[in-house]
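Welcome, and thanks for taking a look at this model with us. Below is a short tour of its pockets, its metal site and one of its sheets.

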Amino acid sequence: MKIIDIETIVVAIPYQHDGAATGFGGTIWHDLSFLLIKVTTDEGLTGWGEAFGYNAIPATRTAMLDIVKPLAIGQAMSLKSIASSGRALHDVPEFMDRLKKPLHLFGRSGPVFYALSGLDIALWDLAAKYAGVSVGRLLIDHPRPTVPAYKSFMRLIEPSVVARATERAAMQGYQKLKLHEIAIDAVAAAREAAGPNVALMLDVNCAWPADEAIHQARLLQPFGLKWLEEPIWPPEDIEGIMRLRKSVEDVPLALGENVANASAFMPLLHAGVVDYYQPSITKAGGITEFIAVAEAAVQLGRAVAPHSPYFGPGLLATLQMASAYRCIDGIEIFGVELDATLFGGRGMPDGMGTITIPDGPGLGCDPDQDILARYGI
Ligand SMILES: [Mg+2]
């Protein structure tokens, strides 16, 4: 099977959330944008991927079209269906290695690698479609049908807004909530509104140098966090993370959305530097590298909590990983309501905070063409 075209489609959908218009990366987001990758083959199959993302989309799109696509077009992927087992023999990891090696000097993270991640997801979608099964079923005989979800709020800042948002999320059935706050009073407001039985996580997006993080983690001890995420700036300060973990033992830690790729995860997994590892499938090498992280996590008995604030094929790909890997603790669902959804509501939580994992061929389902026509650029 040969790749004959790779298209990039930016989907920008207006959204609402519990607070004022906000965003990450120093800009206000009025739409939620994601970058879809569409791969067409000479056998007529279409694969869908998603590449990171948000403010970096213009750079990732250029990296895909100008750097990755010219190397991938015309390349053959080996696919063999084993009808009796519902499996397919394929060479997606080897195919991707043939692109990663010549491109490694342009970054093992960042837009070129994000583009490779999106392509990898689309190729796994193709491989599973070829076999007529979901990606999860391609990997194991009995993928799990459902997975718990947690709601991941945008930054809300005002404690009263945090309290209202927490109450609303609890009414929506979520048992686990993640805040993106920095201030202790906002965390206190969430804990009071949630009561003792809802799991609270706190993601401070690398807010503090290590010594300050140790101080803040002690202040956070009374709130019984399920985990404190990316407490330390810079995110590569692993010595600082290990020091924090020793100093404040009863605050579990999470990180990984800024770990570049599977190879970079390995020493962290082996050393057991945190309690939850958070590979981001659209950033860190797609499904191929996610599988490498998950396999190592299983071997070493580590918990995986994927970074997945996505609504496109990146979310579906993460759900397929959850169907195959029980080490995945739960799925992050971005706490915004979009004006339209790409998959007709599939892949989203029910009223109990549980997601039924789409199980159609490939990633589980394809994007709605009408929504792409309406919101795609
Ligand atoms: Mg995070």
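The lining of the largest pocket is made up of 15 nonpolar, seven polar and eight charged residues (Ala, Val, Leu, Ile, Met, Phe, Trp, Tyr, Cys and Pro count as nonpolar, Asp, Glu, Lys and Arg as charged, and the others, Gly among them, as polar). This is a predicted model, in which local features need pLDDT of at least 70 and side-chain atom pairs count only at pLDDT 80 or more, while totals for chains, interfaces and linings use all residues. Residues are numbered from 1 along each chain as its sequence is written, and side-chain values use heavy atoms, with hydrogens and water left out.

**Largest pocket**
- A pocket here is an open set of points on a 1 Å grid over the protein atoms alone, where a 1.4 Å probe fits, with protein on both sides within 12 Å along at least five of seven lines; lining residues have an atom within 4 Å of a point.
- The largest pocket has a volume of about 640 Å³ (the space filled by probe spheres set on the points, which are joined across faces, edges and corners).
- Of its 30 lining residues, Asn 205, Glu 230, Glu 257, Asn 258 and Lys 283 lie nearest the centre.
- Helix H9 (262-271) and strand E13 (331-334) are the elements that give two or more residues to this lining (helices, H or I, have at least four residues and strands, E, at least two, as DSSP runs numbered from the N terminus).
- The largest pocket lies between domain 1 (3-136) and domain 2 (146-368), because both give residues to its lining; the domain bounds come from an automatic or database assignment.

**Magnesium site**
- Asp 203 (OD), Glu 229 (OE) and Glu 257 (OE) coordinate the magnesium ion at 1.9 to 2.1 Å (donors are N, O and S atoms within 2.8 Å of the metal, or 3.2 Å for Na, K and Ca; water is not among the atoms, so sites may look incomplete).
- Along the chain, these donors follow the spacing D-x25-E-x27-E.
- Asp 203 counts as buried at 1% relative accessibility, and Glu 257 counts as buried at 10% (buried means under 20% relative accessible area, exposed over 50%, partly exposed in between, with a 1.4 Å probe and protein chains only).

- Strand E2 (residues 31-41) has eight of its 11 residues buried.
- E2 pairs with strand E1 (residues 3-16) in the antiparallel sense over 11 bridges (pairing needs at least two DSSP bridges).
- Six bridges join E2 to the antiparallel strand E3 (residues 46-51).
- Four residues separate E2 and E3 in their hairpin, and Gly 44 in the turn has a positive phi of about 90°.
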